[in-house]
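Dear colleague,

Please find below the structure that I am handing over to you. My findings follow it.

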Amino acid sequence: DSNFLSATGLLSGSVKRFSTMDKDSCSKYNWDPSVYNNELPVRCRNTSGVLYKNRLGSGGKGRCIKHNQQWFTPTEFEALAGRASSKDWKRSIRYAGRPLLCLIQTGPVRLFVPYKRRKKDNELPVVPVKKDLSPLKNIQLTPGTT
């Protein structure tokens with residue numbers, strides 16, 4: 001028995017966490033057509049809210065979940081539901097009993113990535129001006145005395 005326990009890592013006290021959410025398990029799910037709506041009813045534990053897909057930002061940024069007339073980021077909503085320690089809102093927050101991770105991986109929900117502002121053709125690039133330090137006095141460093 002101890003050989004089995006040491007081989008599985010249970011004897012040393014290390015616990016491995018296995019992920020049951022892979023892309024294949026998500027793709028086997030047949031989504032209801034309502035998954036393509038902009039507003040999705042979501043929950044985390046016993047806390048319910050409405051996810052506005054057009055406000056969902058990359059990395060959980062963007063206040064996109066409305067709960068009791070207040071806006072929350074996915075991380076804040078997860079904390080409100082008492083799951084802040086999991087730090088994994090894509091698995092904690094669910095739509096139709098499935099984690100948001102599945103919706104993100106299979107395509108019905110996309111994380112909004114803000115666009116970088118492009119320079120106009122007639123704008124000159126902003127280059128920091130370096131000051132010429134040559135006219136300064138010649139300063140010699142001497143070892144300090146202690």
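pLDDT is the predictor's confidence in each residue, on a scale from 0 to 100, and a contact means heavy atoms within 4.5 Å. The model is a predicted one: local features need pLDDT of at least 70, side-chain atom pairs count only at pLDDT 80 or more, and totals for chains, interfaces and linings use all residues. Residues are numbered from 1 along each chain as its sequence is written, and side-chain values use heavy atoms, with hydrogens and water left out.

Over residues 1-21, pLDDT stays under 50, and the model has 13 contacts beyond four places in sequence for this stretch. Where pLDDT is low, the predicted coordinates should not be read in detail. For the protein, the mean pLDDT is 74, with 58% of the residues reaching 70 or more.

Five helices and six strands make up the secondary structure, taken as DSSP runs (helices: H or I, at least four residues; strands: E, at least two) that are numbered from the N terminus. Their order from the N terminus is α-α-β-β-β-β-α-α-β-β-α. Among the contacts with a separation of 6 or more, 45% join residues 24 or more positions apart.

Of the 146 residues, 25% count as buried, that is, under 20% relative accessible area, whereas exposed means over 50% and partly exposed lies in between (1.4 Å probe, protein chains only).

One residue may be of use as a reference point. Asn46 lies in the loop between strand E1 (39-44) and strand E2 (47-52). Asn46 is exposed, because its relative accessible area is 79%. The C-alpha atoms of Asn46 and Gly82 are 9.4 Å apart, although 36 residues separate the two in sequence.

Yours sincerely
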